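Open your viewer and get ready to click through a short tour. Each stop tells you what to select and what to look for.

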Amino acid sequence: MTAWEELLIGAALLAVLATLVLAAWGRWRTRRVMLRLERMLEEAIRGTFTETSFDESLFSAVETQLAHYLAASAVSARNLQEEKNKIKSLIADISHQTKTPITNVLLYAQLLGEQDLPEESRALVTALEGQAEKLQSLIEALVKTSRLETGILELHPRPGLLGPMLEDAAAQFAPKTAAKELTLRVIAPEMRAVFDAKWTEEAVCNLLDNAVKYTPAGGSITLEAIAYELFCRIDVTDTGPGIPEAEQARVFQRFYRSAAAYEAEGVGIGLYLSRQIVQGQGGYLKVFSRPGYGAKFSMYLPRETNL
């Protein structure tokens, strides 16, 4: 082997060695960068992040931008909390300021109804009492919805039996179903789900109220619970007029009233509130219906905690 060949081999070995050294240094530097970024993010999550270098390096620029972002986020969070506090105060004021006048209107209407009045006057008193009750229900529903939407009122899903809750919900409608000669069946085999008992009962009651409202006299309503592997399904099925397919996606909108049901009592917020309650617990609400064949509202609740 000539000296020239030995020189070439040596140069090649040096080049390979230099490449390996540069690769190792690059990996070390990349790891150092990632560790430093990880530290910065951990401090940001804990809320203890501060800028540590004030030079012209790239890291200094990153730290400065991160500090500005966190400062802006903190201001945004404070503004959001202040806005929630204002909404909470407004809702409390509305609830408090309207409760007494509406209660008084209902009381006076009932006292008037007990008087010896002409038939036409008695009809007006009955109408006044009905409108006052409708206004009271509307304000209560709006307050509940606003509290759910703004996070003021929190849901607390816990594992529990569905049966007792469904029986309690159905019992509340015994007078209304009897008055309309409706048959209300409850099929609730023993099963467990993860739900907030108070608010889920309210959601079920909204579905039952809707069914009672639109089912003609002599019809039937079924409240049934069915267990799946991941979810429990609660069905409220009626023999009412049904819902056209074009309207089914809109019935859960706030204040939506079908043209065919416009004259029925209600303000169109019960289904919206029920959907908010169910979604807040990791579930969902669906409707299945054909005009002339009634409607079925299905509420799906998780069987295990997945929030």
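Start by selecting residues 3-46, which make up helix α1. Leu-17 is found in this helix. Keep in mind that the model is predicted.

Move on to helix α4, residues 163-171. Which of its residues are buried? Color Gly-163, Met-165, Leu-166, Ala-169 and Ala-170, for these are buried. Then look down the axis of α4: the buried residues fall within an arc of 165°, so they line one face of the helix.

Next, select strand β5, residues 231-238. Six of its eight residues are buried, so the strand is largely enclosed by the rest of the structure.

Now bring in the partners of β5. Strand β4, residues 220-227, pairs with β5 in the antiparallel sense over seven bridges. Three residues lie between β4 and β5, and the two strands form a hairpin. Click Thr-222 and you will find Thr-237 of β5 opposite.

Strand β7, residues 295-302, is joined to β5 by seven bridges, and these two strands also run antiparallel. Pick Ile-234: its bridge partner in β7 is Met-299.

Last stop: the cysteines. Are Cys-205 and Cys-232 buried or exposed? Cys-205 has a relative accessible area of 11%, so it counts as buried, the cut-off being under 20%. Cys-232 is buried too, at 0% relative accessibility. A disulfide is a covalent bond between the sulfur atoms of two cysteines. How many does a search of the whole structure find? It finds zero disulfides.

Note on methods:
Residues numbered from 1 in each chain as written. Predicted model: local features only at pLDDT ≥ 70, side-chain atom pairs only at ≥ 80, totals over all residues. Heavy atoms only, no water. Helix = DSSP H or I, 4+ residues; strand = E, 2+ residues; numbered from the N terminus. Disulfide = S-S within 2.5 Å. Buried < 20%, exposed > 50% of the residue type's maximum accessible area, 1.4 Å probe, protein only. Arc of directions from axis to C-beta. Pairing = 2+ DSSP bridges.
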